[in-house]
Amino acid sequence: MSLQPHIRLDETVNAKCALLPGDPARLDRIAPFLTDVKELGFNREYRSLVGTYKGVRILAVSTGIGGASAAIAVEELKNIGVENMIRIGSCGALQPKVKLGDILLVSGCVRDDGASKTYIVPEFPAVPDTELLVACIDAAKALKAPYHTGIARSHDSFYTDREEEWNAYWHKAGILGSDMETAALFTVGALRGVKTASILNNVVAFEDKADTAAAIGDYVDGAALAMQGEENEIHVALEAFYALCR
């Protein structure tokens, strides 16, 4: 068996589908959706558990913050046999129509990060697996979860001196929201033959972008809309896996 150096898992996990939250604490909110839950490990930012959803074996592994750590997770999960990966993360809105707690089903991503560019030239597109994206859309409709489908942007920091300028630029271009991991997930997944999708829960309204840190603090404290959005993204991802992997 090949024990992976960062996620500290091997093939005995025996799962083809993985949820990839950023925050290790989000595994505590995933667990109630599953049966026969077993905690597997916690090394650095990579906390993991496994369980079952409607008969489908589901692995959940946190990836931490940023594309570099997300790319490591994709590589090592691929090595132990995972074939389908859905990010369930958070984002900040870049359009007023994206309300707090709405989820974004990302159809493409601006590669404004460093990690994806270490793999291949910037012209290579960051897009999800079509079948997995459609399964997410179908699940969101069936669950009546407020959602938007469109392009997101991945970047490497929200504390640069030009954040307001960049937000205005990407807003004008019609980008729905920003995160830090989706571009790396899509790029590395495509290069490694892994099916990927990304569902982002909006935790920062576009009008509040000037106070990003405070808005994220509200989310951590359990703002009702953001918490409902998190529950929706978990449920949508699990239903998508069930549709494709049962």
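Modeller: Rings of Phe, Tyr and Trp (for Trp the six-membered ring) count as a pair if their centres lie within 6.5 Å, and the pair is stacked with planes under 30 degrees apart, edge-to-face over 60 and tilted for the rest. What you see is a predicted model, in which local features need pLDDT of at least 70 and side-chain atom pairs count only at pLDDT 80 or more, while totals for chains, interfaces and linings use all residues. Residues are numbered from 1 along each chain as its sequence is written, and side-chain values use heavy atoms, with hydrogens and water left out.

Searching the whole structure gives three aromatic pairs. One of them joins phenylalanine 158 to tyrosine 159, and because the ring centres are 4.7 Å apart and the planes meet at 65°, this pair is edge-to-face. For exposure, buried means under 20% relative accessible area, exposed means over 50%, and partly exposed is in between (1.4 Å probe, protein chains only). Phenylalanine 158, at 31%, is partly exposed, whereas tyrosine 159, at 60%, is exposed. A further edge-to-face pair is made by tyrosine 169 and tryptophan 170, with 4.9 Å from centre to centre and 90° between the planes. Here tyrosine 169 is partly exposed at 49% relative accessibility, while tryptophan 170 is buried at 14%. These two residues also belong to an aromatic cluster, which consists of Trp166, Tyr169 and Trp170.

Axes are lines fitted to C-alpha atoms, for helices over the stretch in contact, and angles between N-to-C directions run from 0 to 180 degrees. Helix H3, residues 130-143, packs against helix H7, residues 224-245, at an angle of about 120°, and their axes are 8 Å apart. Angles under 35 degrees count as roughly parallel, over 145 as roughly antiparallel, 65 to 115 as roughly perpendicular and the rest as oblique. H3 and H7 are therefore oblique to each other. The crossing of H3 with H7 is right-handed; a crossing has that hand if the near helix is turned clockwise from the far one by less than a right angle, and is left-handed if anticlockwise. On the H3 side the contact (heavy atoms within 4.5 Å) is made by Glu131, Leu132, Ala135, Cys136, Ala139, Ala140 and Leu143, and on the H7 side by His235, Val236, Glu239, Ala240, Phe241 and Leu244. Sorted by class, the residues in this contact of H3 with H7 are 10 nonpolar, one polar and two charged, where Ala, Val, Leu, Ile, Met, Phe, Trp, Tyr, Cys and Pro count as nonpolar, Asp, Glu, Lys and Arg as charged, and the others, Gly among them, as polar.

Helix H7 also holds cysteine 245, which is partly exposed with a relative accessible area of 28%. Not counting residues up to four places away in sequence, cysteine 245 touches Cys17, Val56 and Asn84.

Lysine 144 lies in the loop between H3 and strand E7 (147-154). Its phi is near 60°, a positive value in a residue other than glycine, and at 72% relative accessibility lysine 144 is exposed. A positive phi, about 55°, is found for arginine 44 as well, although arginine 44 is not a glycine. Arginine 44 is in the loop between strand E2 (35-43) and strand E3 (46-53), and it is exposed, with 65% relative accessibility.

Another helix contact involves H2 (residues 67-79) and H5 (residues 182-192), whose axes come within 9 Å and cross at roughly 30°. That angle makes H2 roughly parallel to H5, and the crossing is right-handed. Gly67, Ala71, Val74, Glu75 and Lys78 of H2 meet Ala184, Leu185, Val188, Gly189 and Arg192 of H5. By class, this contact of H2 with H5 has five nonpolar, two polar and three charged residues.

Finally, histidine 6 sits in the segment before strand E1 (17-20) and is partly exposed, at 27% relative accessible area. Leaving aside neighbours within four places in sequence, histidine 6 is in contact with Asn43, Tyr46, Ile72 and Glu76.

Note on methods. Helices (H or I, at least four residues) and strands (E, at least two) are DSSP runs, numbered from the N terminus.
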